[in-house]
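Open the model in your viewer and follow the stops below. Each one says what to select and what is there.

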Amino acid sequence: MSQLPHGFRQIRMELAREKGHPEGSRTFGYSFVAPLNEAGRIDPGLWAKHREVCRVVRFRPGEADEVGHLVRRPGGSWAFRYDIHGTDDDEAGYRFGDESFEVGEYISVREDDEMHTFRVVSSEQV
């Protein structure tokens, strides 16, 4: 990865406790790179300048990892996109722009019309 400005983080989120996963799951989640500001929120300006490095890996037990990008959608919402040129739906972050991606925080993602909650388990300088 090229030299990035300060603030770029490698963030890992794992499934929080939910029906079907009463203890959560370390094997169900996301790992992605994003620029964060001092409040731990995604920095849209830095993202726009370096969007090609804002990659996401979606991991699930028994499935191959999916690799995609963190994208900003019309209206300013954020999502994970795996099919850049196709028609697959994005996995939309619920209020990602308002969320702090600090360790211990809970973040929601809509997958296939279902909302799942994830916990930020690590956030390391890239």
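Start with E63 and R58: they form a salt bridge, the closest N and O atoms being 3.6 Å apart. A salt bridge here is a side-chain nitrogen of Lys or Arg within 4 Å of a carboxyl oxygen of Asp or Glu. E63 counts as partly exposed at 47% relative accessibility, while R58 counts as buried at 11%. Buried means under 20% relative accessible area, exposed over 50%, and partly exposed in between (1.4 Å probe, protein chains only).

A note on the source: this is a predicted model, where local features need pLDDT of at least 70 and side-chain atom pairs count only at pLDDT 80 or more, while totals for chains, interfaces and linings use all residues. Residues are numbered from 1 along each chain as its sequence is written, and side-chain values use heavy atoms, without hydrogens and water.

Next, select R95 and D98. Their salt bridge has its closest N and O atoms 3.1 Å apart. The whole structure holds ten salt bridges.

Move to R26 and E14, a salt bridge with closest N and O atoms 4.0 Å apart. R26 lies in strand β2 and E14 in strand β1, twelve residues apart. Strands are DSSP runs (E, at least two residues), numbered from the N terminus. R26 is exposed at 64%; E14 is buried at 8%.

Finish with F80. Leaving aside neighbours within four places in sequence, its contacts (heavy atoms within 4.5 Å) include M13, Y30, F32 and V109.

Notes:
Helix = DSSP H or I, 4+ residues; strand = E, 2+ residues; numbered from the N terminus.
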